[in-house]
Amino acid sequence: MNQSRGGPRCEPHRHWTGIIERYREFLPPCEHVISLGEGDTPLIFSPRLSERVGRGCEVFVKNEGGNPTGSFKDRGMTVAVSRAIDRGARVLICASTGNTSASAAAYAARAGIPCAVVLPAGKIATGKLIQAFAHGAKIVAIDGNFDDALRIVRELGEGNELAIVNSINPDRIAGQKTAAFEVVDRLGDAPDFHLLPVGNAGNITAYWAGYREFQTRGRSTKLPAMLGFQAAGAAPIFHNKVIENPETIASAIRIGNPASWKQARAALDESKGNIDVVTDEEILAAQSWLASNEGIFVEPASAAPIAGLFKSTKKIPERSRIVCTVTGHGLKDPDTIQRRIGKLESVPAKIDNVRRALGF
Ligand code: F0G
């Protein structure tokens, strides 16, 4: 780059090349790095959320919608797919409520190998299904829910042919813990509280592993209390029992028997945290509130910790530092919002008509 002409300078050492290059010393070895530049997502100070919690609390939103496929899954997928390639895997497979399949399909395309996804029929948000299709995944919809899909994928993956890239693969959890590293690196220490949506419970497990690891290595002085939120109709950990027919508008976390249940329970107990539920109404209200008050548009599942924050405000001590992870971009799941838009009536293309329609 010609600096004398005053153009932008390209500093190669500062160029972001994904979480494996950035946090290699904390990750299992990866020889062939399959990356789309995931990670380094914004940690956004949120003045209106902070004001709503009040009492000197500071709230930050870790916006994982900024990842290459629009969700946090890419952090785990880069590690899982890189290591699958290292081991000579020829086909990837996953069960999914949508985001894992979008991410797996993208990283498989990048790696140049096929990807198979098993999904609950009729329960995948439009944007996610489009992503899996666009990246060329082989898509199979089953007459069952996510828990059925994962059971089938586990069985299919028993041979050596298919590499499972769900979060039952420990490489996924290893990659996802880098989000906690980024929070500590950005804030200079761990927050007091970390709020997350909980579905298959891999992400809360990963964050807790990340926070503990950074504290052990002297990179932070404290650990946050982990606060997990499940949808009221899909809350097996909260109720401490398998939910046979989970139901929620937040299709990403429509899960009745989470794979990382035990690990999530340990994270909640060890961190002196808590699991709670939020209703679909609370989720949708929080989604709209965040979009219109903070400029952050997330999918319904990602609004669960925001709804949870509104619910738990009184239990949070004054001057706390709070981080909420929002896990996926709002454009992935446009259907509920689209229904609210209804039909846009057009007006003649004249300034007076536009002025009248605007009401000013
Ligand atoms: N938020 C979003 C947007 C998700 O897609 C998921 C999980 C979660 C939260 C919950 O994370 O499972 O680690 O507790 N989605 C998975 C999928 C199940 O198949 O895309 P978790």
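The legends below describe close-up views of a predicted model. Residues are numbered from 1 along each chain as its sequence is written, and side-chain values use heavy atoms, without hydrogens and water. Local features need pLDDT of at least 70 and side-chain atom pairs pLDDT 80 or more, while totals for chains, interfaces and linings use all residues.

**View A. Residues around the ligand.** The ligand is surrounded by 21 residues, each with a heavy atom within 4 Å of it. Ser 96, Thr 100, Asn 200, Ala 201 and Thr 327 are the closest. By class, this shell has eight nonpolar, 11 polar and two charged residues, with Gly counted as polar.

View B. A polar contact here is a pair of N or O atoms within 3.5 Å. An N or O atom in the side chain of Asn 99 lies 2.8 Å from an oxygen atom of the ligand. From the backbone, a polar atom of Ala 201 is 2.7 Å from a ligand oxygen atom, and an N or O atom of Asn 203 is 2.8 Å from one. The protein buries 98% of the 480 Å² that the ligand exposes when taken alone (Shrake-Rupley method, 1.4 Å probe). Two or more residues of the shell come from each of α4 (99-111) and α9 (202-216), helices being DSSP runs of H or I with at least four residues.

View C. The structure holds 22 salt bridges, defined by a side-chain nitrogen of Lys or Arg within 4 Å of a carboxyl oxygen of Asp or Glu. In one of them, the side chains of Glu 182 and Arg 75 meet at 2.9 Å, N to O. This pair links helix α8 (residues 178-187), which holds Glu 182, to helix α3 (residues 73-86), which holds Arg 75, across 107 residues of the chain.

Definitions and conventions
Polar contact = N/O pair within 3.5 Å; in protein donor to acceptor, adjacent residues only side chain to side chain.
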